[in-house]
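I opened this model to look up its packing, its rings and its backbone. My notes follow the order in which I looked.

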Amino acid sequence: MKRLVASIIVCFVTITMFSQNIADIEVSYTALSPNFKNGEVDVQNHYILLSNPRESKFFSPITEYIDSLNSTPDGAAKLNEMMRAAVREGNFDDMPGKDGTYYIVKSSQPRSLTYYDSVGFDQYYYEETPEDWSWTITDSTKEILGYECFLATTDYHGREWCAWFAPDIPVSNGPWKLDGLPGLILEASASDGEYSFVANGIQNSSKPIGIVYLADKYEKTDRKSFLKFKRAFIDNPIGSINVQMGSDISLSDVSNLSIFASSEVVDFIETDYH
């Protein structure tokens with residue numbers, strides 16, 4: 001583990017000198033979030049953080065693979081054939097499906113964050129200037145992946161967060177939007193337990209951080225408007241689909257309609273849009 005830390009420090013200097021879009025560290029996280037049908041915390045996704053001192057991308061590798069295929073005609077044809085093959089063989093578990101929907105791209109010079117996500121059939125992105133984090137660092141410690149981590153807490157966009165960071169890994173970054181601590185965040189959870197991220201692997205990397213595929217298909221908005229769009233879709237999915245598709249589906253036309261819980265039962269990771 002200590003060899004990894006030393007390598008990261010050397011890479012920081014090298015990457016800064018020669019390239020701005022090659023990662024020097026890759027961290028895998030398991031993300032837990034609530035099921036919007038019933039509020040049970042049983043949705044699990046796999047995300048990766050690729051980072052260097054100047055930029056990073058937090059994303060689902062499975063979702064990125066599907067988006068990469070859809071970004072070219074040949075890739076889209078390959079994806080369609082994979083889906084048809086799964087249907088023909090009755091192997092619906094093998095049908096390609098996204099694992100998580102969002103991408104988060106951060107830059108340190110200048111400080112910025114770009115968030116890409118979808119609401120129904122529509123895709124949006126928004127930009128933020130990251131705020132100065134008001135972390136309170138405690139003397140509580142625990143070991144994660146062989147690193148001594150310290151506990152820090154903060155309030156962010158409607159939720160209180162607890163994060164465990166490793167000072168021995170000189171990366172001021174972490175899962176989702178979380179960063180701003182003197183070390184890599186390896187574990188973080190909202191105080192109510194509805195959302196959490198836990199690192200399950202960390203390694204040196206020379207992978208390109210890369211683009212967000214199909215980024216030109218996303219419509220620009222702002223953070224709170226996006227969350228309101230998303231809430232409106234969950235509260236009235238059929239009406240939202242009618243607007244997006246220009247259709248006129250009625251409730252009687254839909255069987256097995258998924259009814260989502262209200263925001264009083266389960267809400268987004270950011271709740272300050274109300």
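**Asp267**

I started with the contacts of Asp267. Leaving out residues up to four places away in sequence, Asp267 touches Pro34, Phe36, Arg159, Glu194, Tyr195, Arg231, Tyr273 and His274. I take contact as heavy atoms within 4.5 Å. Asp267 sits in the segment after helix 5 (237–245). I number helices (H or I, at least four residues) and strands (E, at least two) as DSSP runs from the N terminus. Asp267 has 8% relative accessibility, so I count Asp267 as buried. For burial I use relative accessible area with a 1.4 Å probe and protein chains only: buried is under 20%, exposed is over 50%, and partly exposed is in between. I also checked Arg231, 36 residues away along the chain: its C-alpha atom is 8.6 Å from that of Asp267.

**Ground rules**

This is a predicted model, so I note that local features need pLDDT of at least 70 and side-chain atom pairs count only at pLDDT 80 or more, while totals for chains, interfaces and linings use all residues. Residues are numbered from 1 along each chain as its sequence is written, and side-chain values use heavy atoms, with hydrogens and water left out.

**Ser33**

Ser33 belongs to strand 1 (residues 25–33). Ser33 is buried, at a relative accessible area of 16%. Beyond four places in sequence, Ser33 touches Glu40, Val41, Asp42, Val43, Asn45, Glu194 and Tyr195. Glu194 and Tyr195 were also on my list for Asp267.

**Cores**

Which residues have the most contacts inside the largest nonpolar core? I found Val27, Phe58, Trp161, Trp176, Leu184, Leu186 and Phe197, in a core of 51 residues. By nonpolar core I mean a set of buried Ala, Val, Leu, Ile, Met, Phe, Trp, Tyr and Cys residues joined through side-chain atoms within 4.5 Å. Another core lies apart from it, with ten residues, among them Ala23, Ile48, Leu50 and Ile209.

I then listed the contacts of Phe197. Leaving aside neighbours within four places in sequence, they include Tyr29, Phe58, Tyr102, Trp161, Trp176, Leu186 and Ile269.

**Rings**

I describe a pair of aromatic rings by the distance of the centres and the angle of the planes. I count 21 aromatic pairs in the structure. Rings of Phe, Tyr and Trp (its six-membered ring) pair if their centres lie within 6.5 Å; planes under 30 degrees apart are stacked, over 60 edge-to-face, and the rest tilted.

Tyr126 and Phe226 make a tilted pair, at 6.1 Å centre to centre and 45 degrees between the planes. The pair links distant parts of the chain, 100 residues apart: Tyr126 is in strand 6 (residues 122–128) and Phe226 in helix 4 (residues 223–235). Both Tyr126 and Phe226 are buried.

Trp161 and Phe197 have ring centres 6.3 Å apart and planes at 25 degrees, so I log the pair as stacked. Trp161 is in strand 9 (residues 159–166) and Phe197 in strand 11 (residues 196–204), so the pair ties together parts 36 residues apart in sequence. Both Trp161 and Phe197 are buried.

Next I looked for charges over rings. The criterion is NZ of Lys or CZ of Arg within 6 Å of the ring centre and within 35 degrees of the ring normal. Lys57 lies over the face of Phe59, 4.7 Å from the ring centre. The charged end of Lys177 sits over the ring of Tyr115, 5.2 Å from its centre.

**Helix 2**

In helix 2 (residues 61–70) I found Thr63, Glu64, Ile66, Asp67, Ser68 and Leu69 buried. The buried residues of helix 2 pack against strand 3 (55–59), helix 3 (73–88) and strand 4 (103–108).

**Backbone**

Most residues other than glycine have a negative phi, and most peptide bonds are trans. I looked for departures. The peptide bond from Gln109 to Pro110 is cis, with omega near -5 degrees. Pro110 is in the loop between strand 4 and strand 5 (111–119).

Leu145 has a positive phi, near 55 degrees. Leu145 lies in the loop between strand 7 (136–144) and strand 8 (147–156). Its relative accessible area is 28%, so Leu145 is partly exposed.

Trp176 is not a glycine, yet its phi is positive, about 55 degrees. Trp176 is in the loop between strand 9 and strand 10 (184–190). Is Trp176 buried or exposed? At 1% relative accessibility, Trp176 counts as buried.
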